[in-house]
Amino acid sequence: METPAQDGLIHSLSNYNLETTISRLESLIAEKEMQIIAKLDHAASAQKIGKELHPTTLLLFGNPYAGTPLMQEIQTIGIDLPQKYLIWEDQEKKVWITHNDPVYMSARHNIEDNEAILKKITAALQTIATAAGN
């Protein structure tokens, strides 16, 4: 399977299984002094209703020092915050780490005054995803 393409999403292929990838992400997020707010196992939720879903876990995490200035400029960006990583296994058992593209989010919400923060968030998200998967 080639990298999925959807507007506003960035996909990174992991060299690890789902559980190891999640564990690595959690450690890297903590190292960057961000807080994991929630962890949702979509596949386990599907199983509760008798449905099957490839392994899929959502990590919500953030840092109010980065998110608050963006919400002070345009409060609606709060719908896209906190940050998220979707860790999922495709039909070929490849594990992917997907996150929102901060540049796309800033355009969606007409963010204009926080370019430095957006660059920092963009770099941090990709650095963490790359490190977790390699």
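Predicted model: local features only at pLDDT ≥ 70, side-chain atom pairs only at ≥ 80, totals over all residues.
Contact here means heavy atoms within 4.5 Å.

Helix α1 covers residues 18-31. It has 14 residues. From its first C-alpha to its last it reaches 20 Å, close to the 20 Å expected at 1.5 Å a residue. Six positions in α1 are listed as buried: Leu18, Thr21, Ile22, Leu25, Leu28 and Ile29. Seen down the helix axis, the buried residues of α1 fall within an arc of 130°, so they line one face of the helix. Glu19 and Glu31 are exposed on the other side of α1. The buried residues pack against β1 (9-14), β2, β3 (56-62), β4 and β5. They also pack against helix α5.

Both ends of α1 show local detail. At the start, a side-chain oxygen of asparagine 17 comes to within 3.3 Å of the backbone nitrogen of glutamate 19. Just after the helix, glutamate 33 takes a positive phi of about 60°.

Salt bridges were examined next. The whole structure holds 5 of them. One joins lysine 39 to glutamate 26, with the closest N and O atoms 3.2 Å apart. Lysine 39 belongs to strand β2 (residues 35-41) and glutamate 26 to helix α1, so this pair ties together parts that are 13 residues apart in sequence. Glutamate 26 is partly exposed, at 23% relative accessibility.

Another salt bridge links the side chains of arginine 108 and aspartate 80, at 2.9 Å from N to O. Arginine 108 lies in helix α4, while aspartate 80 sits in the loop between α3 (64-73) and β4 (83-89), so the pair ties together parts that are 28 residues apart in sequence. Aspartate 80 is buried, because its relative accessible area is 10% and the cut-off for burial is under 20%.

A further salt bridge stays inside one helix. The side chains of glutamate 115 and lysine 119 meet at 3.4 Å, N to O. Both residues lie in helix α5 (residues 115-133). They are 4 residues apart, about one turn of the helix. Glutamate 115 is exposed, at 52% relative accessibility. Lysine 119 is exposed too, at 55%.

Aspartate 101 is a charged residue without such a partner. It is buried yet has no salt bridge. The nearest side chain of opposite charge is that of arginine 108, 12 Å away. A salt bridge needs a side-chain nitrogen within 4 Å of a carboxyl oxygen. Aspartate 101 is placed in the loop between β5 (95-100) and α4 (102-108). A polar atom of its side chain lies 3.0 Å from the backbone nitrogen of valine 103. With neighbours within four places in sequence left aside, aspartate 101 is in contact with Gly8 and Ile10.

The peptide bond from leucine 81 to proline 82 is cis, with omega near 5°. Proline 82 lies in the loop between α3 and β4. Aspartate 80, described above as the salt-bridge partner of arginine 108, is placed in that loop as well.

Two loop residues have positive phi without being glycine. Lysine 93 has a phi of about 70°. Its place is the loop between β4 and β5. For asparagine 110, phi is near 60°. Asparagine 110 lies in the loop between α4 and α5. It is exposed, with a relative accessible area of 54%.

Helix α2 (residues 42-48) contains alanine 44. At 28% relative accessibility, alanine 44 is partly exposed. Its C-alpha atom is separated by 9.8 Å from that of histidine 54, which is 10 residues away along the chain.

Note on methods:
Residues numbered from 1 in each chain as written. Heavy atoms only, no water. Buried < 20%, exposed > 50% of the residue type's maximum accessible area, 1.4 Å probe, protein only. Lys, Arg positive; Asp, Glu negative; His and termini not counted. Polar contact = N/O pair within 3.5 Å; in protein donor to acceptor, adjacent residues only side chain to side chain. Expected span 1.5 Å × (residues − 1). Arc of directions from axis to C-beta.
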